[in-house]
Amino acid sequence: MLRIFGYLFAAGAFVGLVSMAGLYIYLRGLSKDLPDYTTLKNYAPPIMTRVHAADGQLIYEYAHERRLFLPIEAIPDKLKQAFISAEDKNFYNHIGVDMVGLGRAVITNLKNLGSGRRLVGASTITQQVAKNFLLTNEQTYIRKLKEAILSLRIEQLYSKEEILELYLNQIYLGMGAHGVGAASLILFDKSVQELNLAEIAYLAAVPKAPNNYHPYRHRDRAITRRNWVIDRMVANGYVSAEEAAKAKAMPLDVKLRPTGIHVVGADYFTEEVRRQLAEQYGEKRLYEGGLSVRTSLNTRLQNVARKSLTNGLINFDHSRGSWRGPVKQIDLAAGDWGPALYKVNRLSDMPDWTTAVVLSVSNTKAIIGLRPTRAVNKKLSQERIKSELLLKDMKWAKVNRREPRNVRELFSPGDVVYVSRKRTGGYKLEQVPEVSGGLIAMDPQTGRVLALVGGFSFDISQFNRATQAMRQPGSSFKPFVYSAALDSGYTPSSVVLDAPIEIDQGGDQGIWKPKNYGGKYYGPSTLRTGIEMSRNLMTIRLAEDMGMDLVAQYAARFGIYDHMQPVLSMALGAGETTLMRMTNAYAMIANGGRRVRPTLIDRVQDRYGKTIYRNDQLVCDACVAYDWQGQQEPKLIDTREQILDPMTAYQITSMMEGVVKRGSGTKVRSVGRPVAGKTGTTNDEKDAWFIGFTPELVVGVYLGYDTPRSMGRGATGGGVAAPIVASFLKEALKGTPPQEFRLPAGLRLIPINRRTGLRAEAGAPGTILEAFKPGNAPPDSYSVIGFDDELGEYRSLSDEAGAAVMSGTGGLY
């Protein structure tokens, strides 16, 4: 008997050894094809790039996967404990595989054989890391074996905290959130440090099946799972029963963070930043590299800029336009008009506007239904709010160039229109203007773009009129012609002939006969008058006297044109450029002639917090001192290139102050502080400009149709662009004391007759103080640029020139 047992034992041992050898060989073969788990040491997951305003406010997030990487030290203990309780209570004790849990799962799966039920797992957190990073989601025993082998190896190479860090930053937690950092922000609009126990438990409840525990579609199921996690935390000794009871009594209060723009109306600015980042770092790094971008955006000024431009465009449309009909038509016969109306775009960057459907019309009013709201759970509200549109509020909506006499002329039931709330209550009709434009506000000392609006609505058109639209600047280019003259020895009191001129352009171009706006001529006038009144013929004569090659050099120096043709028509702003370039050029006059370049990005940091770009045009070698040992405070070294004589910059600034005080830009006087600027209007009023500045702020505005055509007689820079600049500056500078433009050392203020440019007695009628450089002074005798002293006649004049000159210069001011 003993011999039989011996044989059986020997046979069993042999079979066991052979089986073990076979299993070893099989597992060894299986191990050869396993992924390299050491790559986890270099884990760098795709994480969001976040763009912030100058004050730190979040503007936008760019990501393929919405994830924020948090080092394990930044994750609260309670959050770690919740996930361990929900997913792997023995995490700190097992070797990568939980043998007890595995045995329980094997028994359960054997019982379920043939039942068609899904295999039950006993995955540890380490196994989930192995699966999520290195394997597929295939539900097979072979994959589970690979997972187990990898888990054992991972536990040998990595600490428990490193494994937990990988897990908590990689898992998907629903709503597009990857990792606990992003999930905390997206689901609760909080950082992980601000989460309470109920919120922590919900995050830990989700990984099992994010769709099954959706906070809106399956709220009851989600709360049940959350409470189960809390109970597990009590069982594992992480929280007390009192804490658990309080947390379980709390509602599931999810506050979804918006995924679009976070600063209303900053879409054009943000898109320009995105283009620059993609160009500099590439699309992959932009959407996956976790960059932290600090921009120059001033959120308050951006809001002011958006309102100033959109109000200006609306006012222009109301004064010049006509009613162009409804946005869309919907069928009221369907009964509930809410869902159909909700689908019509309401322009997200116009928060004061909404869509409405006309329900009925009478002679004097229309009954409208307002766009319904959508709850946080994405369900459309069942409430249907109605209001009125009164005929008296719609007089601007002209039909066949006349005011409407009956509401039926404008609407029919089923028409969808834009409306906005009136200050006195109720609603008024709105319409998207056909005319568009752009506005840029900059810091003249640094070139930092503080606000940028590229059109009426980014929802309608992503084309950026501030940076992409190539337009003729018209007379807004003239200050650079005059700057070249002042740098070349001319003075603000130099006199230039304002009279008809004919220019032979050669070839097929024929004879060019430029005119002043309005068609009048005023005879000899000072340079100051030429700028203030925007005299075309004076500018041409001045440019001809200097030579257009010099003007072209200044245009390139200020970055307005790269390669300007040296022809006289370019002196009147006939070449195409952008609002950004023009505004930056004015900034260099405003700052005393120092070169700056327009920038939207102040700083870029990589995912590790290392600064990889900084916009700083000042050098401070002594700023790196680690402590203070009685040394002098460091001095900043200004490395900006001086491209214009500071004295010339002040002279042209003073002359452009005259544009606002008594010239073509008087509508900006309402700002009530020193402002310099210049209007610009192109042929047939196709483009209207005004660029103005104070010592601390420069702002440029352009208006025009996207397909250039006349905006109508009188649609000048001073008439339609200047009021927008005035509106912006008044609000932007509200509460700040007025600043005067600084007079550079060496300049002398001398009283002159503003009409003749000759020296005058202080206080005499028509006298102003004019700035003169050292060595310059008002002339003692009257001389006119454009007058040939030897021949005793005016050069390049047509036959009617004599009469125009001899008619006198009255009415200049």
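Predicted model: local features only at pLDDT ≥ 70, side-chain atom pairs only at ≥ 80, totals over all residues.
Student: Which residue in S5 is the bridge partner of Val51?
Tutor: Look at strand S1 (residues 49–52) and strand S5 (residues 292–295), which pair in the parallel sense over three bridges. Val51 has its bridge partner in S5, and that partner is Val293.

Student: Is the crossing of H7 and H8 left-handed or right-handed?
Tutor: Helix H7 (residues 180–188) packs with helix H8 (residues 197–205) at an angle of about 115°, and their axes are 11 Å apart. The crossing of these two helices is right-handed.

Student: How many charged residues does the contact of H7 with H8 have?
Tutor: From H7 come Ala183, Leu187 and Phe188, while H8 brings Glu199, Tyr202 and Leu203. Glu counts as charged, whereas Ala, Leu, Phe and Tyr count as nonpolar. The contact therefore has five nonpolar residues and no polar ones, and the charged count is one.

Student: Which element gives the most to the lining of the second largest pocket?
Tutor: This pocket holds about 870 Å³ of space, and its lining has 34 residues, with Lys515, Asn516, Tyr517, Asn536 and Thr681 nearest its centre. Strand S22 (676–681) and helix H21 (717–732) each supply at least two lining residues. With four residues, the element that gives the most is S22.

Student: How many residues in the lining of the second largest pocket are polar?
Tutor: Let's sort the lining by class. Seven residues are nonpolar and seven are charged. The polar count is 20.

Student: What volume does the largest cavity have?
Tutor: The count comes to two cavities of 30 Å³ or more. Residues lining the largest cavity include Asp267, Arg306, Asp349 and Phe456, and by class the lining has four nonpolar, three polar and three charged residues. The volume of the largest cavity is about 50 Å³.

How values were computed
Residues numbered from 1 in each chain as written. Heavy atoms only, no water. 1 Å grid on protein atoms, 1.4 Å probe; cavity = no way out; pocket = protein on both sides within 12 Å on 5 of 7 lines; lining within 4 Å. Points joined across faces, edges and corners; volume = space filled by probe spheres on them. Pairing = 2+ DSSP bridges. Axes fitted to C-alpha atoms, helices over the stretch in contact; angles between N-to-C directions. Left-handed = near helix turned anticlockwise from the far one by under 90°. Contact = heavy atoms within 4.5 Å.
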